[in-house]
Amino acid sequence: MNALQIDQDGLINAGSSGEFGWHGAEQVLACPRRYAYLTQNPGERGSGAQGLGSLYHVVLAHLFTEGMFLPGVPVRLDVEQACKLLCSRWRGQRRLKPNPEDVLTRARNYHDEVFRRFPGFKVSRVESTYSVTFGNGVRFRQRVDLELAKRRSRVFIDHKSCSRIESRNLEEHTLSGQFLGMRWSGVKLYGTDFLGAFVGRFQ
C-alpha cells in the first residue's frame, strides 16, 4: 500500500494514482481510442462539475485525516486552509465557482453522516493505493478514498458527488469497473474481515 501523498503546497493528492487499474481497464473496454486520447491529453478530461467533485475529494481527504498523526508524511494544510486555497484556484465555469464556507459545510455534513452509518469505526487510511495480484499474475492498483476499521473489520468508501442523488447514478457508480475492483481488492487483502465497499454520495 502506498502512503498518503502531499504536494508542495501541503495539499493531499486525491487525484488519479497514475497507475493502470480497474477504472482504466473499464475505459479501455468501453473505447480504446478514447482512452488513448485522454491519456495523452489529460487536460481535456471531465467537465466543470467533475472538477468540483475533485475539489471536494481533496477537502474530504483533509477532513478525514484531521487530527491524525501520520508518520513519515509531510506537513499538510488543515482542512480550512486547504478549502480556501482550492476555491481560490478555481478555473472552471464561473457559475460553478465554489464558496469555501459552503464547501466546508457540505464536507463536514458528509463526514458526520459517514460515521452515523458506521458507528464505532475509525479512519484507517485515506487516499491510499492498494496493489493486488490475481491468479493469472496480473497486478492491478486501486486507489481508495477512505478505509474505515473496527477491530479487524474493514470497509472501503468511495466518495461520489452528483448534481442529484437518484437511483440511476447509484447504479452507474456501483456497476463501474472501479467499484467492482474495490470489492475484489478488499476481499483479496482482508478476506472475511472485509465487510464491503460502499458509495458515499453527496449532492
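## The overall picture

What you have here is a predicted model. The protein has seven helices and four strands, and along the sequence they run in the order α-α-α-α-α-β-β-β-α-α-β.

Out of 203 residues, 41% are buried. If you take the contacts with a separation of 6 or more, 68% come from residues 24 or more positions apart.

## Helix 4 against helix 5

Helix 4 covers residues 79–88 and helix 5 covers residues 100–117. Their axes come within 9 Å and cross at roughly 130 degrees. As for handedness, the crossing of helix 4 with helix 5 is right-handed.

On the helix 4 side, the residues that meet helix 5 are Val 79, Glu 80, Cys 83, Lys 84 and Cys 87. Facing them from helix 5 are Pro 100, Val 103, Leu 104 and Arg 108. Sorted by type, the residues of this contact come out as six nonpolar, three charged and no polar.

## Asp 145 in strand 2

Asp 145 sits in strand 2, which spans residues 139–150.

Setting aside residues up to four places away in sequence, Asp 145 touches His 57, Arg 125, Val 126, Glu 127, Ile 157, Asp 158 and His 159. Take Ile 157: it is 12 residues from Asp 145 in sequence, with the two C-alpha atoms 6.3 Å apart.

Two of these neighbours also have polar links to Asp 145. With His 57, the link is a side-chain to side-chain polar contact of 3.2 Å. With His 159, a polar atom of the Asp 145 side chain lies 2.8 Å from the backbone nitrogen of the histidine.

## His 159 in strand 3

His 159 belongs to strand 3, residues 153–161. With a relative accessible area of 2%, His 159 is buried.

While the backbone nitrogen of His 159 lies 2.8 Å from the Asp 145 side chain, the side chain of His 159 makes a polar contact of 2.7 Å with the side chain of Tyr 110. Beyond its neighbours within four places in sequence, His 159 is in contact with His 57, Leu 60, Phe 64, Tyr 110, Asp 145, Leu 146, Gly 200 and Phe 202. His 57 turns up again here, as a contact of His 159 and of Asp 145.

Conventions: Residues are numbered from 1 along each chain as its sequence is written. This is a predicted model: local features need pLDDT of at least 70, side-chain atom pairs count only at pLDDT 80 or more; totals for chains, interfaces and linings use all residues. Side-chain values use heavy atoms; hydrogens and water are left out. Helices (H or I, at least four residues) and strands (E, at least two) are DSSP runs, numbered from the N terminus. Contact means heavy atoms within 4.5 Å. A polar contact is a pair of N or O atoms within 3.5 Å; within protein, one must be able to donate a hydrogen and the other to accept it, and residues adjacent in sequence count only if both atoms are side-chain atoms. Axes are lines fitted to C-alpha atoms, for helices over the stretch in contact, and angles run from 0 to 180 degrees between N-to-C directions. A crossing is left-handed if the near helix is turned anticlockwise from the far one by less than a right angle, and right-handed if clockwise. Ala, Val, Leu, Ile, Met, Phe, Trp, Tyr, Cys and Pro count as nonpolar, Asp, Glu, Lys and Arg as charged, and the others, Gly among them, as polar. Buried means under 20% relative accessible area, exposed over 50%, partly exposed in between (1.4 Å probe, protein chains only).
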